[in-house]
Amino acid sequence: MLQNVENFASHFFVLGDPMIYGADVSIVLASAAIVFVLTYYKKWGYLWREWLTTVDHKKIGIMYMIATLLMLFRGGVDAMLMRTQLIMPGMPFLKAQHYNEIFTTHGTIMILFMAMPGVFALMNIAVPLQIGARDVAFPYLNAISFWMFFFAAMLLNLSFVIGGSPDAGWTSYAPLAGLTFDKGPGENFYLLALEITGIGSMATGINFFVTIMKLRAPGMTLMRMPLFTWSIVATTVIIIFAFPPLTVDLGLLLFDRLASSHFFTIFDGGNPMMYVNMFWMWGHPEVYIVVLPAFGVFSEVVATFSKKRTFGYASMVASLLAIAVISFFTWVHHFFTMGAGPGVNSFFAVATMIIAIPTGVKVFNWLFTMYQGRIRMNLPMLWAVAFIPNFAIGGATGVMLSVAPADYQFHNSYFLIAHFHQVLIGGTLFGILAGMYYWWPKMFGVILDEKIGRWAFWFFNIGFYVCFLPQYWLGWMGMTRRMYTYLPGMGWTMWNFISTMGAYMMGTGFILIVIQIIYSILYGERDLTGDPWDGRTLEWSLPSPAPHYNFARIPTITGRDAWWTMKEEQRKGITHSEEEAPLKPIHMPNDSGRPFVLSVLFFIAGFALVFTWYPLAFVAFIGILASLVMRSFEYDTDHTISVEELRHSEAAYGRV
Amino acid sequence: MAMVDSFIKAPSTHRIPLEYTHEEDALRIFGFWIFLATDLLLFASLFATYSVLYRHVGHGPGPLQIFDVTGFSAETFILLTSSFTCGLSTYSMHRGQKGWMMAWMAVTILLGISFISFELTEFVGDVAQGATLQTSAFLSAFFTLVGTHGAHVSLGIGWMTLIFIQLAVHGLTATTARKAFIVSLYWHFLDVVWIFIFTIVYLLGEMS
Ligand code: HEM
Ligand SMILES: [Cu+2]
């Protein structure tokens, strides 16, 4: 009996590694601290009422933002561990298996649980406000999306201390990730976490597409939409097309693992290439899912901080859509070396190179927008400008990689690592940070401290080049990716050392950002105007933070850069009659705890499946069905804000 | 649900179908169309997998050994008929005949149940012959593709039953009309997918 318990415990908990014991202790301590603080300050009710049950897109956006920073921390710690291991030859810091687990969780977390929610955070915060809508099309579904993402992230993170982390790379290629070569539960964690967050992402894609297509304020034609909103249109279209293949791909691999089917095994007719193809049919478009919104942010920021309208608006829109379409014709460039014929390789090489054209168009448009503008170098602008040289290098090395014969040299070397970090960090992460700084006042009514922010910026930026430029060299010298150690005398030692120093600088930059946020919450400058940057788009016409119903009166849009136009007209003394139009009652959705409960049930089902505890999975599944049935029978799903209340609330903002 | 300003009915109510009279319901129907597009892509991925793997029979039986012509012909006939009765239900709804609408819905549900029973019988027969999910890549792909469709149909049956109950309780309102309309879209969609399964899996299998 005791033996059984012991056996179970040793498979269930990851034992024998001091780092993991450390994580155990910190998880217990952190949870205890959270429980204590919530209980001591009697905040459980507040947490439940204001956050866990909310369907307000602005609050959901804030929760996404917090989760993004937490996951950036987790993925960043992984990165520091890896770079520490590689600082010199033969480091005894991480063992090979542990290194495998860390690069796998690092990649997975950064792409799916940091970049994705970062993008979702920004779109939740800005899109409905930019198009003059009261909410997203399906607020309840929006809450489900968030909680599905959140609990999927918890599931993946849990694997570190329970059961063991996945270790087959963030791409989780079969047959390496199949049952034959990878017994442990780690891969199950990966597959189930991604399936659950995938449901949420797909729902977000549909939700925002419908929102933008159907809920724009009167007068806001498609060609009057802010460019950030346009970038989200492109993103949601990619999500809608790219996530179904991923869902199927991971589902089939899960089948192979749990039900011993033969999709991707090398026995009984399975075909692992099928996995690789479907993975990248999602995987390549995915990089545009995370980078196009960043492009959107840069368009807004560059225009606002240059006090000019964006140069070449129509070409900006066209290039977004072109990228969205072409991104589906490039997936084979991820396996040029796996034996496709010259015809196939050439097609995908050319398709890949073509993407450089619309991307180049965008970069030149940003430059022309800045040209002769009245430029202010606030934090959002700083990150946007820093993006440009960086994307020039990352783009150039990308085109180098797209040349199929050359790829035979670069493939899976540190050259590739340097390239994709340059575009993922310099594009996506810089975009998320620029967007965070830009919309932070709108979220919280506080402007983040510029001085600490500048220190953070320079540390992160210089560290970024110091970290990744040497890796291009390392790649040329033959250092391959996913390598946990190397021998002295290869000529790699110095470059690796420099690279690790750069990584530490970036770590310092991140800590400074955290300090900046804490400092600004305590002492930061309040934004009382609602328009701290002298903005151009509608979100700046509202108080910061915006009231939960967003617009007391839905504005009528007469041109692009709607808020700028209104400000111009005000300056000229033109007033609009609808500003005096009587207020009308507003319908708003009720809060609901069910999205949270539903996602907890998904979490339980996922956890049970990881360990093939089918009875528990079955119970959770019944629970999921039950909550769907309850929703179907719910008719009383919204309430009305009366004119009285509205007048009251608007008066409190000084706006009646 | 959208935060559309008002619940005021559009002026020409008599010409707009009931399920479209509230802007929010129209929004949901539009959203559901997009969802169907993603579901179609999901099936497309499964079809692609099946097309790559259907010759990979390993040591197991091939399509000719396991496909049962009477079985899949009956399934096809039943499902196509159910799509028709489902259409009749929507037609009655638009004419405001709640009784007929529910009657046709009930017929659709019963046809759905008999479709599923045929499919289950077929699957059980295959497994009895030793043709299981674990036998070969072809069979994995076959059971997954057809099974995913079957799971969709089962879900559709449960869903339609819920709406049937709500129609009985709340009567025919804009909300129940929207719900019934959406489930009917779903049902027709499954019919379309089945036609692909019928052609690509069963007919091509019989010809191989
Ligand atoms: C904070 C700075 C970062 C550093 C120092 C860093 C460092 C690393 C290192 C050392 C590896 C492993 C290379 C190998 O051994 O093959 C790696 C892999 C990877 N990183 Fe990062 N990284 C950082 C940020 C990011 C970000 C922001 C993203 C994505 C948005 C990202 C995505 C990835 C991916 C996808 C992999 C590949 C994992 C795999 O091979 O399965 N990283 N990173
Ligand atoms: Cu790619």
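**Exercise 1. The interface of chain A and chain B**

Determine how much area chain A and chain B bury between them, and what share of it lies on carbon and sulfur atoms.

*Solution.* Step 1. In this predicted model, the two chains bury about 3,600 Å² between them. Carbon and sulfur atoms account for 71% of that area.

Step 1. Three residues, A:Phe263, A:His587 and A:Tyr635, supply 17% of the area that chain A buries against chain B, more than any other three residues.

Step 2. In terms of contacts, 45 residues of chain A meet 39 residues of chain B.

**Exercise 2. Polar links and contributing elements**

State how many salt bridges and how many residue pairs in polar contact are found between chain A and chain B.

*Solution.* Step 1. The count of salt bridges between the two chains is zero.

Step 1. Eight residue pairs are in polar contact across the interface, with both residues at pLDDT 80 or more.

Step 2. The elements of chain A that each supply at least two residues to the side touching chain B are helix H7 (186–214), helix H8 (227–259), helix H9 (272–306), strand S3 (586–589) and helix H19 (614–632). H8(A) gives the most, with nine residues.

Step 3. By residue class, this side of chain A comprises 28 nonpolar, 10 polar and seven charged residues.

**Exercise 3. The shell around ligand 1**

Identify the residues that come nearest to ligand 1, and describe the shell to which they belong.

*Solution.* Step 1. There are 23 residues around ligand 1, and those that come nearest are A:Tyr99, A:His106, A:Trp170, A:His421 and A:Arg482.

Step 1. A side-chain N or O atom of A:His421 lies 2.8 Å from a nitrogen atom of ligand 1.

Step 2. Helix H4 (57–85), helix H5 (96–130), helix H14 (414–444) and helix H16 (493–523) of chain A are the elements that give two or more residues to the shell.

Step 3. The shell divides into 16 nonpolar, four polar and three charged residues.

**Exercise 4. The setting of A:Asn390**

Decide whether A:Asn390 is buried or exposed, and explain why.

*Solution.* Step 1. A:Asn390 belongs to helix H12 (residues 379–402) of chain A.

Step 1. A:Asn390 counts as buried because its relative accessibility is 0%, and the cut-off for buried is under 20%.

Step 2. Apart from neighbours within four places in sequence, A:Asn390 is in contact with A:Gln422, A:Gly426, A:Phe430, A:Phe464 and A:Tyr465.

Methods: Residues are numbered from 1 along each chain as its sequence is written. Chains are lettered from A and ligands numbered from 1 in the order in which they are written. This is a predicted model: local features need pLDDT of at least 70, side-chain atom pairs count only at pLDDT 80 or more; totals for chains, interfaces and linings use all residues. Side-chain values use heavy atoms; hydrogens and water are left out. Contact means heavy atoms within 4.5 Å. Buried area is the accessible area (1.4 Å probe) that two parts lose on being put together, summed over both. A salt bridge is a side-chain nitrogen of Lys or Arg within 4 Å of a carboxyl oxygen of Asp or Glu. A polar contact is a pair of N or O atoms within 3.5 Å; within protein, one must be able to donate a hydrogen and the other to accept it, and residues adjacent in sequence count only if both atoms are side-chain atoms. Helices (H or I, at least four residues) and strands (E, at least two) are DSSP runs, numbered from the N terminus. Ala, Val, Leu, Ile, Met, Phe, Trp, Tyr, Cys and Pro count as nonpolar, Asp, Glu, Lys and Arg as charged, and the others, Gly among them, as polar. A residue is near a molecule or strand if one of its heavy atoms lies within 4 Å of it. Buried means under 20% relative accessible area, exposed over 50%, partly exposed in between (1.4 Å probe, protein chains only).
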